[in-house]
Amino acid sequence: MPEVMSSGAGLTDRAVAFLRERADVLDDEWDADKDRETAEKYAENLGISALDILDGLRRMRERFGGLRWPSTSWSFEEVLSLVPVLRFDQEVRVPEVYFVDHMVAHPFTVHANFDGEVVFVFDSSGLPPVTVFDRCESLIESDALYWECGSWREVASGTDELVEEIDARAKSLTLVEEASGRTEQWWEGDGFRVLVWRTYAELFHLPDMARWGVWARDEQGERNARAVLGLPADATWTLPPVEIDDM
């Protein structure tokens, strides 16, 4: 069992509860010979130690390898598996692994480097990769918030038209740092949460793909959210609910 699930170290209690409720573990076997060959290519290309690369790969697999859960995040909405596999790319300036296995036909892959950055790559597009999270744990923490908000009431959600206004007002709230990254931020107020999501907008260079959402724990939280964000009483802009089958 990966260390992040067995011990919960480095995660909030909410994320630990999410994994124990929703995740399971795949039995993955790794090709040691292929790992070594790829590490040697990186070492030759970057002038670093192949042993250090293999050690980083081992630590990532021990922490995350095989973890699987049904994601309701706006980036995926499908079952994810964390399967760190070392793949050589001569354009990459730091060693990285193919990190997230996802089966829905999204035209991007998800990589991670040994510093923990989670990077989305729009395959074969020529567009630059986009760093979404600064730590791998944030991918889990963010999904835990989606999961928890699924039992709350959705106050309002929408697309790019109001993103900048919602984002500006949300900055008066508390940033949920452990679940936020460079292209998506979670904010928390008194009984409500706000998500500002620009991942696809930045990955595909399409500003109109930015989205935002607001969830409240109860009626008072909804009133607080509407007051802080300046939402009219009848503002909903509701997006279709996401239902992910259990694994």
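Begin by selecting β1 and β2, two antiparallel strands joined by 2 bridges; strands pair if DSSP finds at least two bridges between them. Helices (H or I, at least four residues) and strands (E, at least two) are DSSP runs, numbered from the N terminus. This is a predicted model, in which local features need pLDDT of at least 70 and side-chain atom pairs count only at pLDDT 80 or more, while totals for chains, interfaces and linings use all residues. Residues are numbered from 1 along each chain as its sequence is written, and side-chain values use heavy atoms, with hydrogens and water left out.

Within this strand pair, select Asp 24, which stands opposite Arg 68 in β2. Then extend the selection to the open, antiparallel sheet of 7 strands, ordered β1-β2-β3-β4-β5-β6-β7. Its edge strands, β1 (24–25) and β7 (130–133), each pair on one side only.

Next, select α5 (136–149). This helix lies across β2, β3 (79–86), β4 (96–102), β5 (108–113), β6 (118–122) and β7, and runs at about 30 degrees to β2. Axes are lines fitted to C-alpha atoms, for helices over the stretch in contact, and angles run from 0 to 180 degrees between N-to-C directions.

Met 60, Arg 63 and Phe 64 in α4 meet Cys 136, Glu 137 and Ile 140 in α5, contact meaning heavy atoms within 4.5 Å.

Display the cysteines next. Cys 136 is buried, with a relative accessible area of 3%, and Cys 149 is buried at 2% relative accessibility. Buried means under 20% relative accessible area, exposed over 50%, and partly exposed in between (1.4 Å probe, protein chains only). The structure holds 0 disulfides, a disulfide being a pair of cysteine sulfur atoms within 2.5 Å.

Move to helix α2 (residues 13–22), where Arg 14, Ala 15, Val 16, Phe 18 and Leu 19 are buried. The buried residues of α2 pack against α1 (3–6), β2 (67–70), α5 and β11.

Finally, follow β11 into the open sheet of 5 strands, ordered β8-β12-β11-β10-β9 with antiparallel pairing. Here β8 (153–158) and β9 (174–175) are the edge strands, each pairing on one side only. Strand β12 (residues 211–216) pairs with β8 over 5 bridges, and Ser 157 stands opposite Gly 213 in β12. Helix α6 (residues 163–170) lies across β10 (184–189), β11 (192–197) and β12, at about 135 degrees to β11.
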